[in-house]
Amino acid sequence: PVVDTYGGWGSYGGGALSGKDATKVDRSGAYAARWVAKSLVAGGYCSRCAVQLSFAIGLPHPVSVQVDTYGTCKNKNGMAERDLAKFVEREFDLRPGFIVKELDLRRPIMRKTAAYGHFGREEEDFKWEKVKDI
């Protein structure tokens with residue numbers, strides 16, 4: 001289990017986040033997935049969801065984007081759960097460089113993530129916790 005993320009709630013495949021540079025997709029991708037998931041819930045598309053992003057070295061976009069709403073999809077704007085991944089790809093630029101830029105991950109804020117975790121904190125520095133209006 002990864003002790004510096006969601007505990008047992010969210011899946012993560014890359015070890016601990018705290019030992020990685022924030023520009024690496026292990027870390028920036030986890031932040032982006034959180035940002036997308038919070039935005040989908042806040043936007044009224046579902047009550048709960050998990051977003052999975054998969055990246056490959058040398059490719060500009062994720063090779064896979066998946067959204068699981070655990071059966072809570074609200075079919076907003078006629079969008080079924082199966083449509084949400086394509087919607088995410090249209091509404092969010094998930095290229096690794098853009099994630100770093102959009103979430104401002106080059107700032108020296110990562111020490112704050114070493115205590116009390118990376119997620120579920122409403123501090124101004126944690127831009128992945130700020131929802132995007134979609």
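A: Buried here means under 20% relative accessible area. The model under discussion is predicted. By that cut-off alanine 33 is buried, because its relative accessible area is 11%. This alanine lies in helix H1. Leaving aside residues up to four places away in sequence, alanine 33 touches Val51 and Leu53. Its C-alpha atom is separated by 9.3 Å from that of valine 65, a residue 32 places away along the chain.

Valine 51 has its own set of contacts: with residues up to four places away in sequence not counted, it touches Ala33, Val36, Ala37, Leu40, Gln66 and Val67. Two of these names lead on to the core as a whole. The largest nonpolar core holds 33 residues, and Leu40, Val51, Val88, Leu94, Leu105 and Trp128 are those that touch the most other members. Two or more residues each come from helix H1 (25-42), strand E1 (50-54), strand E2 (64-68), helix H2 (81-91) and helix H3 (96-102). H1 gives the largest share, eight residues.

The cysteines remain to be considered. A disulfide requires a pair of cysteine sulfur atoms within 2.5 Å, and the count by this rule is zero. For cysteine 49, the nearest cysteine sulfur belongs to cysteine 46 and is 3.9 Å away, so cysteine 49 is in no disulfide. Cysteine 49 is buried, with a relative accessible area of 12%. For cysteine 73, the nearest cysteine sulfur is again that of cysteine 46, at 6.8 Å, and cysteine 73 is likewise in no disulfide. Cysteine 73 counts as buried, at 18% relative accessibility.

Note on methods: Residues are numbered from 1 along each chain as its sequence is written. This is a predicted model: local features need pLDDT of at least 70, side-chain atom pairs count only at pLDDT 80 or more; totals for chains, interfaces and linings use all residues. Side-chain values use heavy atoms; hydrogens and water are left out. A nonpolar core is a set of buried Ala, Val, Leu, Ile, Met, Phe, Trp, Tyr and Cys residues joined through side-chain atoms within 4.5 Å. Buried means under 20% relative accessible area, exposed over 50%, partly exposed in between (1.4 Å probe, protein chains only). Helices (H or I, at least four residues) and strands (E, at least two) are DSSP runs, numbered from the N terminus. Contact means heavy atoms within 4.5 Å.
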